[in-house]
Amino acid sequence: MYVAVKGGEQAIDAAHRLLDEERRGDRSVPSITLEQIAGQLTLAVDRVMNEGSLYDRELAALAIKQARGDLIEAIFLIRAARTTLARFGYAEPLDTQAMRVKRRVSAAFKDIPGGQILGPTFDYTHRLLDFSLAGESEPAEAARAASALRSGMPRVLEMLGSEGLMEQPPPETGEPADLTQDPLNFPAGRDLRLQNLARGDEGFLLALAYSTQRGYGRTHPFAGEIRLGTVEVSFTPEELGFSIVIGEIAVTECEMINQFKGSATVKPQFTRGYGLGFGQCERKVMSMALVDRSLRAGELGEERVAPAQDEEFVLSHSDNVQATGFVEHLKLPHYVDFQAELVLLRRLRAGIESAGDRLEAAE
Amino acid sequence: MRVLALSAPDDLAACAKDYASTAHDLLRAPETGLVMLRGRMGATGAAFNLGEATVTRCAVRLVDGTQGHAYVMGRSAAHAKLAAICDALLQRDADGLSGTVIAPLAAKLDARQAEASSKAAATRVDFFTMVRGDD
């Protein structure tokens, strides 16, 4: 027999005090500052902003500190924080054509107008641990070219578009759907899918993207163009009625080129997948672009056979705050549920035993 | 507004310190909220919602009735308020403030962007053709 009880208040308080102490670590070592996290663990901050779906470097740094570096916990904190703030409205779509480029590469064409700009990349490093970073040594300053980059780098995919070899992006059809205002519904339009993927878990999207490469819904991708840099944000306040620049953000963008689609009326063209994210998040936006493309299976008349082509599977499981909530809730008390299972199992076993007894008696 | 919004709050405070004490009423006290940012499918196609950003807004009225409005990304109330005051002053006397506040801030912004751009430009790949050894 189970009797419902209350309790644990003191234990919870003490547990949180212990958490605070463990978070602080060795008190003889200076506490890590938000400036250090925002300035030096930049890619962790970018990930928390992306999956927390809120661009604010300071808040993301605070969340990372509070979460002791557990990025999913930090993302949860950011999602909770955003619910406390009023929505002023929708910004104009970002103009990534006007991006001030820090990195821009194409794996499809070697000679692209504007050139291949490697930027601050881990690519071509040897992945050997650099023990000089364990000390206090300062790195050399970055090299500078005599002249700045040209502004308004041309788009690689547009070069193919002008020849008719590339499908054109879909035109505007009205207000895009917004996951934060209406619950996810199926079938989901590409606007809703992209919003979901933009805030989706990087690991989940990476695994799905990888699965498409390994044959579970092939997309034959080439990284047409990847660019990283800053773009200005424009917004039209109701009281002004005209658009003003309210700041700038760093974004990473990936345009994948995928294999052909044609029809009776349209000659075969390359198809495309798109990825966009806050900060420097190349792995994320490449994965996003691959999954965006594979989720277009229905639209492009492809058979849906793989997980990455199943929008209900992908979109329902991409959110790591939802996922961690449902998985981790299992550790909270389920005493009554379990008691019910226990009673059921005992009853089943008792039934089998008494049936066995009757069988023996009959023999 | 662009330069006021893009400048770091500290830079604005330094350049506009003479104007910070301009007499004004708050039509809207500094308030932090969210703006949903948007991208476009394939960079140029239909829009989609990308994720939100924190934005702080403020509106002021100067003694002569001129209104100033500011929306700036981030959570700095001081940034939004000073930008709103500058916005009002710019409407009253665009030339005065342009020289003392906007031009120096714009120069700083340009210098910062040029530096970042020249560092990126240094990472541009120069391809060269390998000479084949078999002919």
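In strand β3 (residues 67-73) of chain B, Y71(B) is the bridge partner of R57(B), and β3(B) is joined to β2(B) by 7 bridges, the two strands running antiparallel. This is a predicted model, in which local features need pLDDT of at least 70 and side-chain atom pairs count only at pLDDT 80 or more, while totals for chains, interfaces and linings use all residues. Residues are numbered from 1 along each chain as its sequence is written, and chains are lettered from A and ligands numbered from 1 in the order in which they are written.

**Terms for strands**
- Strands (E, at least two residues) and helices (H or I, at least four) are DSSP runs numbered from the N terminus, and two strands count as paired if DSSP finds at least two bridges between them.

**Confidence**
- Chain B has a mean pLDDT of 92, with 96% of its residues at 70 or more, where pLDDT is the predictor's confidence in each residue, from 0 to 100.
- Within chain B, confidence is highest in strand β2 (residues 47-62), at a mean of 98, and lowest in helix α4 (residues 94-121), at 92.
- For the complex, the predictor gives a pTM of 0.93 and an ipTM of 0.94.

**β2(B) and its partners within chain B**
- Of the 16 residues of β2(B), 14 are buried, a residue being buried if 20 or more other C-beta atoms, placed from the backbone, lie within 10 Å of its own, exposed if 12 or fewer, and partly exposed in between.
- Strand β1 (residues 24-40) of chain B runs antiparallel to β2(B) and is joined to it by 14 bridges, with G39(B) having F48(B) as its bridge partner.
- The hairpin of β1(B) and β2(B) has 6 residues between the strands, and G42(B) takes a positive phi near 60° there.
- The hairpin of β2(B) and β3(B) has 4 residues between the strands, and there G65(B) takes a positive phi near 95°.

**Pairing between the chains**
- Strand β1 (residues 54-55) of chain A runs parallel to β2(B) and is joined to it by 2 bridges, and L54(A) stands opposite E52(B).
- β2(A) pairs with β1(B) in the parallel sense over 4 bridges, and R87(A) stands opposite L34(B).

**Contact between the chains**
- The contact takes 48 residues from chain B and 65 from chain A, two residues being in contact if their C-beta atoms, placed from the backbone, lie within 7 Å.
- On the side of chain A that touches chain B, β5(A) gives the most, with 8 residues.
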